[in-house]
Each structure stands twice: as structure tokens, then as C-alpha cells.
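Please keep the sequence and the model in view while reading.

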Amino acid sequence: MQKDDRTAEFVELTPGAKVKKTRHGWRAKCLQRLIRLDLPVPRTVALPVETVRAIAAGHTPDLAPLTKILGADFLVSVRSSPENPEWGGPGSVLNVGLNDRVHARLVQSHGQTAADALYLNFVQSYAIHIARLDPDRFSAEPGAGVLDQAMADYCEEMEEPFPQDPARQLREVLRSMSRAWEGTTARLLRQAKGAPAEATLGLVVQEMALGIGPGLSGSGTIQFVDGVIGQSQVTGRFRGQAQGRANAEETHFLTRDARGAALEEVAPEVFARLVEFGATCRRGLREEMQIEFAIESGAIAIIDAVRVQRSARAAVRIAVALAEEGIITREEALLRVEPRALTEVLHYQVDPRAPRDVIATGIAASPGAATGKLVFSASAAQASAARDEPCILIRRETAPEDIRGMHAAQAVLTERGGMTSHAAVIARGLGLPCIVGCNQITLNTREKHVTGPKGRVFHEGDVVTLDGTSGELLLGTAEMLEPALDDGFRALLHWADNVRDIGIRANADTPDDARTARNFEADGIGLCRTEHMFFDEDRLTVMREMIFADAPEDRRIVLARLLPMQRKDFIALFDIMSGQPVCIRLFDPPLHEFLPHDRDGMRELAEAIDRPLSEVMRRCEAMSEVNPMLGMRGVRLGITLPEIYDMQARAIFEAVVEAGRRGAKIVPEIMVPLVSASREVELVKTRMDAVAAAVRHEQKADFSYRLGVMMETPRAALRAGEIAEHAEFISFGTNDLTQMTYGLSRDDAGRFMSTYVNQGVYAEDPFHILDVEGVGELLLIGASRARATRPDVTISVCGEHGGNPESIAFCRAAGFTYVSCSPFRVPVARLAAAHFALLAPRMS
């Protein structure tokens with residue numbers, strides 16, 4: 001091996017040493033901070049990344065500077081110290097420098113058994129991890145003659161005795177750990193954890209705290225907060241004589257526990273010092289830490305401290321608690337909680353500490369967890385709900401007629417689909433746990449059973465748990481954690497509201513959705529899809545009668561029966577939102593979605609509307625379209641069958657008058673869907689104004705309203721300047737705009753999207769993460785041209801993308817007024833908006 005000056009660079013960790021996380025790693029920097037806090041940290045030396053890289057390249061480390069610090073007869077541990085602890089690293093090697101001479105000394109001071117156990121542990125670790133010998137030959141438990149046999153096995157394998165020179169041992173350990181970091185497998189593993197390809201490693205050499213002795217001795221860990229739920233709680237273990245492979249009776253709890261001995265009882269003064277050290281760490285490091293410690297005859301040594309691993313709900317509680325105690329600022333607390341992690345807090349979750357029997361895995365489309373009996377149809381879900389029996393709805397894929405079943409179910413699973421399939425979008429809106437694209441199962445709806453991997457068969461009525469956060473379907477009833485919508489959660493989001501500079505509204509189609517939006521403190525309703533109100537049982541038949549009406553007057557007569565239902569819906573929305581803005585999208589879907597698709601359904605419809613079955617079948621067939629999502633829907637329907645929009649406008653305006661009489665001043669926002677030409681908006685506005693005038697006259701009341709458009713076509717974005725002449729606001733419907741820009745059905749994209757993303761065709765699924773280069777450019781063009789015509793135009797996004805942090809960053813940078821997302825994504829959006837305001841303040 002060659003010599004290199006870089007291999008002689010070591011730095012002893014002292015309060016004033018020049019230690020940087022980028023050069024020496026997180027562990028070295030953390031240990032220096034502990035030393036600055038006057039904690040009893042054993043003498044420690046850090047190797048910078050340059051030294052480690054030189055050693056990995058084959059240069060012999062010069063240990064003279066190190067032995068000058070630690071002495072020639074050292075006994076040390078070597079630990080990895082990458083820049084980020086999440087990146088992992090080679091495992092620690094303990095007791096480096098242990099040889100026959102040190103062993104003999106330990107026999108005198110600590111006894112034969114403890115000394116033999118220490119030496120055996122080191123020989124086995126060195127043989128397996130440094131010399132790379134067969135682990136099977138070096139895995140025996142301590143006992144008579146085991147140490148001698150391990151020494152003999154090492155000599156046989158290596159054709160030389162076990163090394164007795166501490167310096168040689170240390171050189172080999174440093175070389176092995178340095179090279180392990182550079183290995184292909186290690187690179188792939190850390191890159192999977194988010195490490196850059198050029199990530200570097202530092203190493204830490206620390207004097208051993210053996211944790212053995214005649215008095216109270218051992219080692220353990222202690223932390224002062226529960227990592228799952230975030231409550232203040234002392235947890236950990238103390239293992240007496242730990243390096244001698246402790247027996248069960250030598251393991252102590254930390255605090256008093258009925259199950260066994262506790263350190264708090266055995267050595268209260270030692271326990272009190274550990275608690276004191278924990279409080280010092282919390283204040284000094286401004287974080288909840290897990291402390292690794294050793295005790296030798298009652299004397300404590302702090303070996304290491306790491307950030308407590310935590311769930312999302314724990315992260316919220318910890319951040320808020322630290323801020324309320326003045327340890328960190330509120331702004332820091334906001335930045336310490338990942339916005340997407342809030343989804344875990346909003347729903348029931350499977351307890352990560354509980355066992356799992358996984359049936360199958362699919363795409364985690366909507367977070368949360370629920371337990372119930374398997375059902376295979378929407379009607380079965382409704383029947384189950386009527387019996388107060390929780391159920392899990394499983395379908396090949398869902399359609400609009402399944403919505404009532406989805407409302408009745410506790411969770412939904414589909415065999416097909418992706419993140420933006422019908423089931424996924426509706427489930428997120430309802431706050432239902434959902435798994436889609438679960439192709440590990442085979443569904444048999446006729447026989448009402450599902451077959452999973454390894455031939456496991458499950459029938460209707462079997463109890464399962466669906467974990468929409470992990471995408472796993474579990475057998476039986478799993479242990480759950482309740483939603484954590486506590487004072488800490490609300491405090492964090494109120495702090496977010498104080499700093500964010502973009503509005504967050506909710507998509508809410510029903511009064512229940514509006515209540516959820518209100519509970520999550522949305523800034524209003526950004527999208528109310530009125531067609532969802534027509535799928536209720538009592539309205540669906542009336543809607544179908546309207547579809548079968550032959551003349552405009554006949555349609556008006558039928559729609560008059562729907563008018564009070566719509567008015568009641570809007571009054572409820574206005575009451576719930578208490579004066580906050582409500583944006584109502586006029587009827588959008590093609591009419592065939594309201595018609596039955598099978599013969600039994602058509603027969604029921606024929607009976608309900610008193611028409612011959614043959615006529616019903618002909619009409620259903622005649623109304624089908626080759627490509628219905630590009631057919632007669634949205635504003636095209638409103639212009640072709642204007643009676644529908646007239647009825648909806650009247651319902652809105654009459655609800656506004658009623659709300660006004662109750663003391664709430666409402667200025668409704670009426671949104672015209674699927675616009676592509678300014679003339680469409682002109683025609684709709686003319687009829688809206690006429691209906692408004694009629695209602696003002698009839699009700700002898702005055703009110704105003706705002707008319708806007710939902711831009712979902714590329715042409716609308718390109719002609720936004722003309723359209724803005726007739727629209728006070730523009731809301732980009734990015735779901736359909738993405739479909740039309742890509743020429744891609746979101747319901748079918750799941751079949752190949754993963755292949756496209758994996759092969760780099762698309763950076764991300766454009767239905768899940770907004771395509772800022774393509775769709776985003778259309779948004780910028782549309783916004784720019786609309787503002788050129790009408791500078792005060794309100795611009796927003798109301799598609800599924802509205803709840804994605806990446807999309808919020810784009811909309812905020814573009815100067816949009818607000819984004820709108822499903823109610824259960826509102827907290828995520830509020831926190832994400834605060835993050836961007838703190839990290840990238842807008843230019844004034």
C-alpha cells in the first residue's frame with residue numbers, strides 16, 4: 001500500500017475543533033455538540049472524508065497523529081459518520097485494540113467470564129466483517145473453550161495468528177469500512193434512501209466505554225418521547241454487562257415497571273443523571289434525541305446521540321412542543337414537518353408496532369386504514385352499512401354508479417387503475433382509504449370471492465383490513481392508531497396560515513364534504529361538482545326521466561322536481577361555509593353516465609318511467625358516444641340543453657336569497673365547465689343574467705354573482721384573453737387539461753405509466769405530479785393572456801394537482817390566487833404553502 005499525507009489527517013473532538021458536517025459527517029458534529037454541552041463523552045477522533053477516500057483508494061493510514069491522542073495501547077470503537085444519518089453506512093466495530101495483553105489485564109480487573117466474552121465478540125466481529133471469513137465458523141455463544149476455538153479457526157483460515165498489534169487492527173478496520181462505503185451494493189442502497197451519487201463518508205474513532213465492572217455496569221439507550229405517537233415518555237433498555245451477552249434477567253427497564261427490575265429503582269441517582277443529560281441534549285441540540293450510554297461501576301459515558309425516529313403524528317407533536325417551550329421558533333417547527341406526512345395524522349392508521357398478515361399489495365391511492373367485511377358490489381356495501389356492519393368494497397374498477405357504495409364502505413380496493421383512476425380520485429375526496437391497481441389478486445364477482453398470491457381465497461363476509469397508506473390488504477382486524485387531530489395539529493396549521501401567501505380552498509360536492517372542508521379550515525370551496533348531487537337514489541330516477549324527455553318543455557317540467565333538491569343542497573353549502581366563497585361548477589358529465597349499462601338496470605328504468613324496454617334500450621344505445629369525455633358534456637350540454645343550466649342557476653340564486661334572509665351575504669361563483677371558446681361563455685352568461693333578473697323580481701331581493709370558467713382544454717388556455725372578457729375568474733381543471741394535452745386517458749394510463757416513468761419517458765406520472773413543462777406552460781400562457789385582458793381576474797387550479805406540494809409551488813410562483821383540492825388534502829396544502837413562503841419569499 002502507498003502512503004498519502006491525507007491519511008494522517010485526524011481531528012480530536014473538542015469544543016473548539018474545526019468540525020464540519022460536510023467534511024466529518026453528522027456523527028462527528030453531533031458528538032462535538034455533546035462535548036460542548038459538557039456531557040461525559042469518551043475521547044473521540046474524527047477522520048474527514050478526504051482521509052477516508054484516500055484509505056479506500058489503497059493508501060496506508062498514518063496512525064501516528066491518532067496514537068498521539070489516544071495512546072499506543074488504545075481500545076476503541078470505529079463508527080461511520082456520513083453527512084446524513086439516513087444514508088446509513090458500514091456497521092460499527094467495537095473493541096479495536098483488544099489483544100492477549102489487554103485480555104489478561106481485563107481478566108484481572110473484570111474477571112475471566114467478562115474478559116473472555118469481550119475478546120470473543122471482537123474476534124468474531126473482526127473475522128466476519130474485516131477478514132471476511134465464513135460467519136458460520138464464528139457465531140458460537142461464549143462458553144468454555146469457545147475463545148480458544150475461535151482463535152484456532154482464525155489461524156487456520158488466515159494462515160496466521162489473530163493480529164495482536166492494535167495499530168494493525170485499526171488500519172484493517174479503517175480500510176474495510178472505507179472500502180465498504182465505496183461498494184456497488186452500498187451505493188445503490190444509500191441512493192435509494194436519497195443520497196447523491198457522490199455522497200461521502202467520515203469515520204469516528206472513540207475510546208471504548210466497556211460497560212463492565214464490579215459495580216453497576218452495562219449499556220443501553222434512552223429517549224424521552226414516544227416515536228409513534230409523540231407523547232413525553234421515557235423509553236429504552238439497560239443491559240447489564242452488555243458486552244458479555246447479557247441474560248434476560250440482566251436487562252432492566254428504565255422506569256418503574258411491573259414486568260421487572262428498573263434502573264430507576266436499582267440506581268435512582270444514575271437514572272436522574274440520564275434524565276438530566278436528556279434535558280440538556282433537548283435544549284442544546286434543539287431536538288428530541290435518543291442517547292446511547294454505558295455505565296461502568298456507576299459512572300456514565302455518553303457514547304452517541306441520534307435524532308429519535310418518529311412517525312408523522314409524533315413529528316407534529318414534537319415540533320409543536322419544542323416551539324411552545326421556546327426551544328425552536330414556530331417557523332422552524334413548520335419546516336420540521338413534511339407536508340405529505342400529515343396524511344398519516346388525518347386518518348386511522350395501522351399501528352406500525354402490530355403484526356401484519358399481508359394478503360396482497362397494490363398502489364396506495366388514498367391514505368388511512370379501515371377494517372370491515374369484504375363486499376363485491378355497491379349495493380352490497382349499502383346493505384352492509386344499513387346493518388351497521390363496516391365493509392370493504394372490492395371492485396375490478398369503479399364507475400360513477402358505484403359512488404353510493406363507496407360512500408357506504410369504510411375503504412375501497414380495485415384490481416385495476418392508477419393514482420388518478422375514478423376510485424382513487426373519489427376516495428381521496430371522501431377521505432376513504434383506497435388501494436388501486438392491486439393486480440396480485442384475481443376477482444370473481446359472480447362467485448363473490450377473491451384469490452390472492454399463493455392461492456389464498458377470501459369470500460364475501462371475510463374480515464380484512466385495508467391500509468391505504470402502505471397499499472397493503474391485511475387479513476383480519478389490525479390494531480389501529482386513531483387520527484391525531486389534536487391541539488398540536490391545529491396549532492401547527494394556524495402557524496402555517498400566518499405565513500402562507502396563497503389561498504387553499506377545498507373541492508366539496510356535498511354538505512358532508514363542506515363540513516369536512518370547514519373542519520380543516522379551508523378558505524372556501526373552490527370546486528363544487530353539482531353532478532355528484534344527482535346520484536342519490538331519489539334524484540337518479542328524476543334525472544333519467546329528464547334525459548328521456550323529448551322536448552324542452554318536458555325537460556323543464558321534470559327539472560322543476562329537481563329544483564328544490566338542488567336549492568336545498570346549495571342552502572346547506574352556504575350555511576356550512578358561513579360566508580366563505582363557494583365556487584359551483586355547472587353540470588359537466590355526459591348524460592349517458594346516469595343511464596344503466598346492463599339489461600336488468602334498463603328494465604328497472606323502463607318500469608320507473610313507464611316506457612317500453614325496447615325504447616329504453618334504443619335510447620341508451622343512441623346516447624352512447626365513441627369518446628364521451630370529448631363529446632357532449634360541460635358547456636356543450638349547457639348550450640344544447642339549456643334547461644339544465646337554467647334550473648341550476650335558479651337553484652343557486654334562490655339559495656343565495658334564502659341565505660341572505662338568514663343573515664349571510666353570499667356572492668356565489670358560478671363556473672362554466674369545459675370551455676374552449678369565448679362565445680360559449682357569452683351564451684351561458686346571457687341566460688344566467690336572465691335567470692338572475694327573474695329571481696330578483698320574484699323574490700324582491702337583490703344579489704350579485706361572479707361568473708367564471710373552468711379551463712380544461714388547450715384551446716381555452718390559448719384563447720384565455722378573449723374568454724376573460726366574459727369571465728371574472730379562471731380555474732384550471734388540470735385533470736382534464738392533462739388528459740387533453742397528452743392525448744391520454746387517466747383511467748387507462750396506469751397500465752403503462754410505471755414503465756414510462758421507469759424508462760425516463762416521463763419524469764413523474766403527469767396525473768399525479770403537475771407537468772410544469774407542458775401543462776404548466778399552458779397554465780402560464782392562459783394566466784398571462786387572461787390578465788392582459790382583465791388585470792383583476794382571479795386565477796386558480798382546482799384539479800387533483802391542487803393538493804400536491806410541487807403543484808402549489810408552481811401556482812404560487814405564477815401568482816395564482818388559490819389552489820383547490822379534496823378536503824382531506826387541505827391540511828397538507830396549508831402546510832406546503834407555508835413551507836414555500838418561508839423558503840422562497842415572494843418578491844414584493
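Which residue in strand 9 is the bridge partner of Gly218? The partner is Gly240. The model is a predicted one, in which local features need pLDDT of at least 70, side-chain atom pairs count only at pLDDT 80 or more, and totals for chains, interfaces and linings use all residues. Residues are numbered from 1 along each chain as its sequence is written, and side-chain values use heavy atoms, with hydrogens and water left out.

Strand 8 (residues 218-225) and strand 9 (residues 232-240) run antiparallel and are joined by seven bridges. Strands are DSSP runs of E with at least two residues, helices are runs of H or I with at least four, and both are numbered from the N terminus; two strands pair if DSSP finds at least two bridges between them. The open sheet has five strands in the order 10-9-8-11-12, with antiparallel pairing. Its edges are strand 10 (251-252) and strand 12 (299-307), each of which pairs on one side only.

Helix 1 (residues 21-36) packs on this sheet, touching strand 11 (289-296) and strand 12, and its direction makes about 135 degrees with that of strand 12. Contact means heavy atoms within 4.5 Å. Angles run from 0 to 180 degrees between N-to-C directions, with axes fitted to C-alpha atoms, for helices over the stretch in contact. Helix 10 (residues 268-285) lies across strands 8, 9, 11 and 12, at about 145 degrees to strand 11.

Ser80 lies in strand 5 (residues 76-82). Ser80 counts as buried because its relative accessibility is 7%, the limit being under 20% relative accessible area with a 1.4 Å probe and protein chains only. A polar atom of the Ser80 side chain lies 3.3 Å from the backbone oxygen of Pro90. Beyond neighbours within four places in sequence, the contacts of Ser80 include Arg27, Pro90 and Met177.

Technical notes:
Buried means under 20% relative accessible area, exposed over 50%, partly exposed in between (1.4 Å probe, protein chains only). A polar contact is a pair of N or O atoms within 3.5 Å; within protein, one must be able to donate a hydrogen and the other to accept it, and residues adjacent in sequence count only if both atoms are side-chain atoms.
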